[in-house]
Amino acid sequence: MNLNEIQDLIKFVAKSGVTEVEIEQKDFKITIKSEKQKADSQIIVQAAAPVVPQMAAPAVAAAPVAAPATQAPAAPAATEDSKYVTFKSPMIGTFYRSSGPDKEPFVSVGQSINKGETVCIIEAMKLFNEIEAEFTGKIVKVLVDDASPVEYDQPLFLIDPA
């Protein structure tokens with residue numbers, strides 16, 4: 001991606017009202033997040049190798065991408081957590097535990113799940129995507145709060161596959 005394409009993408013995000021766009025290519029990853037504030041909006045750009053030079057647009061910052069904060073707690077996992085499998089988000093969006101505010105959650109801690117069973121919904125661009133279990137097991141921990149934004153590959157559940 002060249003500088004002009006990145007600037008066009010930033011303009012698109014600012015005008016369209018989209019809050020987040022992530023593009024990943026072979027050796028390049030860019031994430032553009034727009035945080036709506038009272039009267040103005042702020043756009044934050046994160047890029048990984050090659051590093052994108054800073055642009056002269058107001059409220060725009062370019063920075064190398066660090067390891068996502070959501071993955072940091074999983075690294076120093078105790079031997080207790082090492083037997084569990086982490087179920088990760090297959091997309092960016094908003095995480096929902098149930099199909100509606102007055103409905104029961106799809107899964108709860110201690111519940112057994114089967115492969116293909118719906119475990120949550122992730123809303124992305126006004127589309128509600130039912131996320132299915134990729135394996136059979138038992139829910140040990142829910143790692144994300146209901147109606148929270150989630151990133152691609154962010155841990156959602158700890159599952160005991162036994």
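Residues are numbered from 1 along each chain as its sequence is written. Because the model is predicted, local features need pLDDT of at least 70 and side-chain atom pairs count only at pLDDT 80 or more, while totals for chains, interfaces and linings use all residues, and side-chain values use heavy atoms, without hydrogens and water.

The protein contains one helix and 12 strands (DSSP runs, numbered from the N terminus: helices are H or I of at least four residues, strands are E of at least two). Of the 162 residues, 29% are buried (buried means under 20% relative accessible area, exposed over 50%, partly exposed in between, with a 1.4 Å probe and protein chains only). Among contacts (heavy atoms within 4.5 Å) with a separation of 6 or more, 47% join residues 24 or more positions apart.

Helix α1 covers residues 3-16, 14 residues in total. Its span from first to last C-alpha is 20 Å, close to the 20 Å expected at 1.5 Å a residue (the expected span is 1.5 Å times one less than the number of residues). The buried residues of α1 are I6, L9, I10 and V13. Seen down the helix axis, these buried residues fall within an arc of 100°, so they line one face of α1 (the arc is that of the directions from the helix axis to the C-beta atoms). An α-helix has 3.6 residues a turn, so residues three or four places apart point the same way. N4, K11 and K15 are exposed on the other side of α1. Just after the helix, G17 has a positive phi of about 85°.

S89 is located in the loop between β5 (85-88) and β6 (93-96). With a relative accessibility of 1%, S89 is buried. Its side chain reaches the backbone oxygen of M91 at 2.5 Å. Beyond its neighbours within four places in sequence, S89 contacts I122, V150, E151, Y152, D153, Q154 and L156.

The structure has one salt bridge (a side-chain nitrogen of Lys or Arg within 4 Å of a carboxyl oxygen of Asp or Glu). The salt bridge joins the side chains of K29 and E22, at 3.6 Å from N to O. K29 is partly exposed, at 23% relative accessible area, and E22 is partly exposed at 23%.

How values were computed
Polar contact = N/O pair within 3.5 Å; in protein donor to acceptor, adjacent residues only side chain to side chain.
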